[in-house]
Amino acid sequence: MQSQCVTTAVTDGMTPAPPDFLDDETMAAWTASGAPLVDLLRRAHTPGRLTGFRRGGRTAVLVAEPRHVHQVLGLGGDRYVKRSHRARPLLGDGMITATGEAWRSQRKLLQALFTGRGVQRWEQHIAGAAACVVDRWAERARRGEPTDIAEDTQFFTVDTIWRSLTDRPLDRETYLDLAAVQDVVAALPAEVGGASALPPAAEAALGALDERMFRALADARVRHRADGAGVSVLDRLLDAAETDPAYTDRLIRDELVTLLVAGYESSARTLTWAFVLLTAHPEVMERASGDARAVGAVLSETLRLYPTGWLLPRHSPADEVLDGWAVPAGTDLLVCPYLTHRDPEVWPDPEAFDPGRFPARSPLPPGAYLPFGIGPRACLGTRFAMREMEVLLGALLARFRVETTGPAGEPVFGINLRPAGPLPARVHERA
């Protein structure tokens, strides 16, 4: 049950109205139930309005209406900031967690590598990693053996980003150290203010990851000094370290881990969700085989239904007015793409899987679609991620028919949105 709503429209000269707030009874019932945060946000969501609630002595406001999302992320600039970051124990001071001038400097350094024509330099790495998965599926099809799509797509995305970071293909031992980062990600809180200490298994995985990254850095430095500037991301960071004292080994490690997590988590989970949806809609799978535009539409619709970054917290350090509603200093704003992407005013029959929505026949409202964020802090690797997913999904659908043999599990709303468990399947070569 919600508290009485403020329904009076705000007009010139009137005091801004506060957001609606969930009442104490609703909050107490939700807290006692132990339900995940997404359940509270679903309950709090009223299309077209802002809803607030108080947890642990802090005030938070749900932001899901497209125009509100656009105002916070697209136009908000430095007014709505990251108070802290849930992933700092993993990412350190990498680009995602950095703020202010440090963030601007770090983003400027890497931007040319992942935007515009910069993505073309990674085509050979994407193709090489995709070929490994195609070969694996061909062998599984020949032998009639099952495969795990979640594992296969994860290996592909880790392989792709590792080749791009180091200019070296991924070996199995390195993969096990890098893939263990998912244990750390799974242990991170869904929102700012959650538990900060990592469990022992996650701490061990983080230690192995750090050892692997520092070893790669040491090897690359030897090659860099012997052979001169290379073309990998790590080479670019070593170049920066020669003139910018901010690029210590620790910061280079943080940037590498940031790019690793950003470069494989979202893409691997999206590809897994795509196969979950496609096997439930075999007619769409058939249309997409051999059709690059259809493959792109499938991925766009998958990202609408299952945006990996399902919750994007921001903070208001000063008093603000958001669309005529008062946002006091100290308020947390929980931007929720998962709910925004289900706005029936923008997406008719929003729960249905319909790749025909893309490309959109008319421009979408600003803030209505943000699988990679929007505004100045939008994901730097959007084009890289889309390209690697298009290459692998296109190659697999063109050559194989896929039959999942078990469910992917329920969605897990942690720091990212992922399917629980593996996705077992059998693959068959097309005639």
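How many bridges join β9 to β12, and do the two strands run parallel or antiparallel? There are five bridges between β9 and β12, and the strands run antiparallel. Keep in mind that this is a predicted model.

**The three-stranded sheet**

- Strands β4, β12 and β9 line up in that order as an open sheet with antiparallel pairing.
- β4 (147–148) and β9 (400–404) are the edge strands, each with a single partner, so one side of each has no neighbour in the sheet.
- Helix α6 (residues 123–143) packs on this sheet and touches β4, β9 and β12. The direction of α6 makes about 85 degrees with that of β12.

**Helix α7**

- Helix α7 covers residues 149–166, which is 18 residues. From its first C-alpha to its last it reaches 26 Å, close to the 26 Å expected at 1.5 Å a residue.
- The N-terminal end of α7 is capped by D148, which has a side-chain oxygen 3.0 Å from the backbone nitrogen of A150.
- Just after α7 comes D167, with a positive phi of about 65 degrees.
- Is α7 mostly covered or mostly uncovered? It is mostly covered, as 17 of its 18 residues are buried.
- T160 sits in α7. Why does T160 count as buried? Its relative accessible area is 0%, and buried means under 20%.
- Leaving aside residues up to four places away in sequence, T160 touches H125, I126, A129, F384 and E388.

**The five-stranded sheet**

- A further open sheet has five strands in the order β1-β2-β3-β8-β5, and here the pairing is mixed.
- Its edge strands are β1 (20–21) and β5 (312–316), each pairing on one side only.
- Helix α3 (residues 66–74) packs on this sheet, touching β3 (58–63), β5 and β8. Between the directions of α3 and β8 the angle is about 120 degrees.
- β5 and β8 (residues 331–335) run antiparallel and are joined by five bridges.

**The nonpolar cores**

- The largest nonpolar core has 113 residues, and L41, L90 and W310 are the ones that touch the most other members.
- Helix α12 (residues 249–280) supplies the largest share of this core, with 15 residues.
- Apart from this core lies another, of 15 residues, including V61, V69, L312 and L333.
- Which residues does L90 touch, not counting those up to four places away in sequence? They are V181, V184, V185, L188, L206, L209, R253, V257 and V261.
- For background, nonpolar side chains in soluble globular proteins tend to be buried together.

Technical notes:
Residues are numbered from 1 along each chain as its sequence is written. This is a predicted model: local features need pLDDT of at least 70, side-chain atom pairs count only at pLDDT 80 or more; totals for chains, interfaces and linings use all residues. Side-chain values use heavy atoms; hydrogens and water are left out. A nonpolar core is a set of buried Ala, Val, Leu, Ile, Met, Phe, Trp, Tyr and Cys residues joined through side-chain atoms within 4.5 Å. Buried means under 20% relative accessible area, exposed over 50%, partly exposed in between (1.4 Å probe, protein chains only). Helices (H or I, at least four residues) and strands (E, at least two) are DSSP runs, numbered from the N terminus. Contact means heavy atoms within 4.5 Å. Two strands pair if DSSP finds at least two bridges between them. Axes are lines fitted to C-alpha atoms, for helices over the stretch in contact, and angles run from 0 to 180 degrees between N-to-C directions. The expected span of a helix is 1.5 Å times one less than its number of residues. A polar contact is a pair of N or O atoms within 3.5 Å; within protein, one must be able to donate a hydrogen and the other to accept it, and residues adjacent in sequence count only if both atoms are side-chain atoms.
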